[in-house]
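User: I'm new to this one and would like to learn how to read its strands and its chain contacts. Could you walk me through it?

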2 protein chains.
Amino acid sequence: MEKVSVLAPATVANMVCGFDILGFALEEPNDSMTVRIIKERKIEIINRDDFDLPTVAKKNVAGVALLAMLEKIDENIGFEIETTKKIKPGSGIGSSAASAAGAVVAANHLLDKRFTELDLIEFAMSGEELASGSKHADNVAPCVLGGVTLVRSNDPLDVIKLDFPELFVTIVHPQIEVKTSDAREILKQQILLKNAIRQWGNIAGLVAGLMKKDYELISRSLEDRIIEPTRSILIPKFDQIKTESKQAGALGGGISGSGPSIFMLSQTEETAQKVEGVMRQNYQNIELDFNTYVTKINSNGVTIV
Amino acid sequence: MEKVSVLAPATVANMVCGFDILGFALEEPNDSMTVRIIKERKIEIINRDDFDLPTVAKKNVAGVALLAMLEKIDENIGFEIETTKKIKPGSGIGSSAASAAGAVVAANHLLDKRFTELDLIEFAMSGEELASGSKHADNVAPCVLGGVTLVRSNDPLDVIKLDFPELFVTIVHPQIEVKTSDAREILKQQILLKNAIRQWGNIAGLVAGLMKKDYELISRSLEDRIIEPTRSILIPKFDQIKTESKQAGALGGGISGSGPSIFMLSQTEETAQKVEGVMRQNYQNIELDFNTYVTKINSNGVTIV
């Protein structure tokens, strides 16, 4: 096989109380990528969209991920990637992760799957490092593996897939810019032990709720007293959207990644659509441009098409 | 029915990374208690052991728990409790929790189970407040419910039973005194966010490992970078016992409650016995008196005999 096309899904990291450790993949939106093997040790990048992303491999997220893979390959080969991005860079739903993870999963398919999924996550993390300055796995892990993933540890990398019940996801992306680096800088480096205890109770509750498929427990556990109070001030109407979404029946939700997108989880599609209405109404009222998605948690991760 | 006898098990709180939220019940040791209904609104206490615990209800852990229950009872009744404690007070394996939980479970049995398990945990928490100054549920919850329990939140109380695989437990109780209040005082009230993130990754991993019955994951997740480094200095030979126990095959372990007991989890009884040998050897070497137990996680909690 000389070329393969994949769909790489958007992902939500920092699942409320699961800051830096929990993430999940979405059914929509997806980036489309086609990867070909070439007979030269280099990465060629072709962008078929309007995002004006770099085409020099070392400056491109997918390029850097493939270069990390190429370091572990002895043969005289390289890759050409042709990308049509649908996941807007900077939206907070794993745009860079989709580029990095999609590229390495596709390339591995062309190499008869010589690398493990954990290897692929590690390669993709190099792309994340270029995008955000930190080598984190909480978007690339669910992008590669699908479903809900736990990154127990970054070093050594330890990723666990968690069982979960059917969950509908409503996303709103307000068209403002929140840089990941800024969102990181405003976080306090020290936190109160009592807040940390509350947080780990919620994380344990969320993991147990997902695995038991207990929607009530999931809902009670979707609480973040550490990160959200600081970061949410960067996102217009955050508190109001969250409160009204829960009134509309959402189980809960919060900031997607480092924002500015907000996500809400619901048990039914009907509720997820009501939540979309809440989001639309709030941003229309203040005349802020936005996109919304009503979708589900995607069990498969990057898929070959 | 006018009287009932129960066995109330020892419990381990603060399950390594699960500080203040995770706990489990042991098959051994147990306190024996017999509770009778009396025709007067008072609590009478008879101690059939040598621990010299108070017999005035308001100063006795079981007495306070029963007084809390009595507040929710309209009839003109009270209880007489006769206790033979086997769980040494101050050992760090839930001695006060066994007194409080045993008393209220027995009394509830005599009242045809008019109270829920969550009610009983709340009553028993009043006893814990007398014993340690804080109204915590991480020992009384597993004592009442059995198995491994998560206290997601103390206020409002939210307790979840977690599935778990067969686990053997080795306990050593070095005969030194560590007051719960002292063990609390030495904790730092502020912690580093990066350590908290590591901790919540481990807690999520431990909950997932228990529910998936994945011994490897349980073992990797039994890590505490926040509480243990501070508290373990109060316990002689802690680091050496932990290291050698893991070398002997233990999955991991740590301080039981606020100490001084140390617990280790193993997949087989044979390993749990090797671990007991490690513990004995270490304390014999420094001529420190100690007790050991090789037991299992108890699925039932307080049992009627």
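User: Which residue stands opposite B:His173 in E11(B)?

Analyst: Strands (E, at least two residues) and helices (H or I, at least four) are DSSP runs, numbered from the N terminus, and two strands pair if DSSP finds at least two bridges between them. Here B:His173 faces B:Asn291. Seven bridges link E7 (residues 168-174) of chain B to E11(B), and the two run antiparallel. This is a predicted model, where local features need pLDDT of at least 70, side-chain atom pairs count only at pLDDT 80 or more, and totals for chains, interfaces and linings use all residues. Residues are numbered from 1 along each chain as its sequence is written, while chains are lettered from A and ligands numbered from 1 in the order in which they are written.

User: What is the order of the strands in that open sheet?

Analyst: In chain B the order is E9-E10-E7-E11, with antiparallel pairing. E9 (252-255) and E11 (290-296) of chain B are the edges, each pairing on one side only.

User: How many residues of chain B are in contact with chain A?

Analyst: Contact means that C-beta atoms, placed from the backbone, lie within 7 Å. By that rule, 33 residues of chain B touch 33 residues of chain A. Helix H6(B) gives the most to that side of chain B, with 13 residues.

User: Which strands of the two chains are joined by three bridges?

Analyst: Those are E8 (residues 190-192) of chain A and E8(B), running antiparallel. There, A:Leu192 has B:Gln190 as its bridge partner.

Technical notes: Contact = placed C-beta atoms within 7 Å.
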